[in-house]
Amino acid sequence: MVLPRPHVAIVGGGIGGLFAANALIAQGIRVSVYEQAPQIGEIGAGVFLTPNSVRHLQRLGLEPAVQKWGALVGRESRYFRHDGAPIAPVQVTDSSGWNATFGMHRADLVDILADALSKEVVHTGHRCTGFEQDGHVARVSFANGATAEADIVIAADGIHSELRRYVFPPSIPVAAGSVAYRGLVPHERVPDWPTDRWQMWLGRGKHFLAFPVRAGKLINYVGFVPTDEQMKESWSAPGDPNVLRREFAGWDARIHQLLDKVEITFRWALYDREPLPVWTKQRLSLLGDAAHPMLPHLGQGANQSIEDGMALATILARVDRKTAPLALHAYERLRRERVAQVQRGARENGMRYDSAYSDLGVRDAEITAHAEFRKRLYDYDVVPEATAAALN
Ligand SMILES: Cc1cc2nc3c(=O)[nH]c(=O)nc-3n(C[C@H](O)[C@H](O)[C@H](O)COP(=O)(O)OP(=O)(O)OC[C@H]3O[C@@H](n4cnc5c(N)ncnc54)[C@H](O)[C@@H]3O)c2cc1C
């Protein structure tokens, strides 16, 4: 007798949850997404998409939308010293030379992923507050009084995950000792700013990043500066543009061309967590930032959550309702190792960027050599790996 395919409930309608929903549906699996926000909406600034995730957006037929709403950055992308002296090109392709490196507004990417789903898949206004499971079913409860049952529950509920505690005891976030000022400047306010490149300036204890999003109509900037202040992990705490300008006083004049136009800025406290030793408990598994919050210094938060979703869909495509909980362990094994490497790589890169070096020549040589790490990161294709993991 052939058993039916599993029904999957995803808690969290961010990039990870919505991508996973698309990938699972493409495999013929029934999915329901529960998002706490009253609507899928416009929050956040720039995220970076790289070839290791764009190949999966391509597989789902979403690359044209990414091309339309993203901003492809190319060969002119560069690292500079704080005064504007060039250090090295930024790796924007995989080893084959395929350039699929896009600046995206987070809200545009969320919209692309949500628009590809039929209306009945996503349930907004559902803040998950509880979880239970037995040998037959998993049950999620919500603040609005609703409950939902499924064979499998995926916690894609972000860095503050409500569901993580049902898998592993709460862990303390690790403060990176820096805060990022971030925001968007309309390109029409800086018409000379190039829209075809990702640029980063590196100074002692600080770095500044700028790249285009929304087809070059907006320039996303992030200024990383040290802090000893304890701040909640927030995407939306307001910052003072004048303090931001002072932080980068004396740096390359190009940075000030942009900063002079900043009217509103937000402060983003940087935290990550030590890699979790477990992601799965029976019918519940973690995905994206809920599983592996990471520092932004490799630009991999969204990309790794997309890889997670593709791995999950590839593995669950090969199981039925009964065997689905076991398959979650194959997903976890495959993803935990890869993601822990990226989490560690992001920490190391932050140290490189913030120039904790007595000889900057050594730092510059490391930045140049780092292109090889990025090539390997971008070459990785999770689908063959997940197919093999599903068969083991
Ligand atoms: C508001 C916001 C703004 C962001 N802005 C940026 C940015 O500017 N730059 C950047 O690089 N990254 C940003 N990120 C992070 C980035 O989106 C993630 O690192 C990455 O995409 C991984 O996504 P994720 O789906 O795992 O988590 P997230 O993108 O954090 O998505 C988690 C989703 O789960 C929902 N959720 C949380 N708790 C519950 C609950 N109890 N019940 C139901 N739903 C729940 C959240 O509302 C959110 O939609 C932002 C995230 C958020 C939530």
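1. The backbone oxygen of N52 lies 3.1 Å from a polar atom of the side chain of H56, a residue that belongs to helix α2 (residues 51–59). This note concerns a predicted model, and the distances quoted here should be read with that in mind. H56 has a relative accessibility of 0%, and because buried means under 20% relative accessible area, H56 counts as buried. When residues up to four places away in sequence are not counted, H56 touches F19, I306, E307, M310, D381, V382 and V383.

2. The largest nonpolar core holds 101 residues, of which I10, L24, L49, Y79, V153, W198 and L316 touch the most other members. Helix α8 (residues 324–353) contributes the largest share of this core, namely ten residues.

3. L49, one of the core residues that touch the most other members, is in contact with V54, L57, V66, A100, T101, F102, M104, L109, N303 and I306, once its neighbours within four places in sequence are left aside. I306 is also among the residues touched by H56.

4. Eight strands make up an open sheet of mixed pairing, in the order β6-β5-β14-β15-β16-β13-β18-β17. The edges are taken by β6 (86–89) and β17 (237–239), each of which pairs on one side only, and the twist from one strand to the next averages 25°. Within this sheet, strand β13 (residues 174–186) and strand β16 (residues 218–226) run antiparallel and are joined by nine bridges; L184 stands opposite N220 in β16.

5. The pairing of β4 with strand β7 (residues 102–105) is antiparallel and extends over two bridges, and A71 stands opposite G103 in β7.

6. Strand β1 (residues 7–11) is largely enclosed by the rest of the structure, because five of its five residues are buried. H7, A9 and V11 point one way from β1, while V8 and I10 point the other way, and all of them are buried. Strand β2 (residues 30–34) runs parallel to β1 and is joined to β1 by five bridges; R30 in β2 is the bridge partner of H7.

7. The ligand has 31 residues around it, and those that come nearest are G16, E35, A45, R182 and D289. Several backbone atoms are placed at polar-contact distances. A polar backbone atom of G16 is 2.8 Å from an oxygen atom of the ligand, and a backbone N or O atom of I15 lies 3.4 Å from an oxygen atom of the ligand. On the nitrogen side, a backbone N or O atom of G46 lies 3.1 Å from a nitrogen atom of the ligand.

Note on methods:
Residues are numbered from 1 along each chain as its sequence is written. This is a predicted model: local features need pLDDT of at least 70, side-chain atom pairs count only at pLDDT 80 or more; totals for chains, interfaces and linings use all residues. Side-chain values use heavy atoms; hydrogens and water are left out. A nonpolar core is a set of buried Ala, Val, Leu, Ile, Met, Phe, Trp, Tyr and Cys residues joined through side-chain atoms within 4.5 Å. Buried means under 20% relative accessible area, exposed over 50%, partly exposed in between (1.4 Å probe, protein chains only). Helices (H or I, at least four residues) and strands (E, at least two) are DSSP runs, numbered from the N terminus. Contact means heavy atoms within 4.5 Å. Two strands pair if DSSP finds at least two bridges between them. Axes are lines fitted to C-alpha atoms, for helices over the stretch in contact, and angles run from 0 to 180 degrees between N-to-C directions. A residue is near a molecule or strand if one of its heavy atoms lies within 4 Å of it. A polar contact is a pair of N or O atoms within 3.5 Å; within protein, one must be able to donate a hydrogen and the other to accept it, and residues adjacent in sequence count only if both atoms are side-chain atoms.
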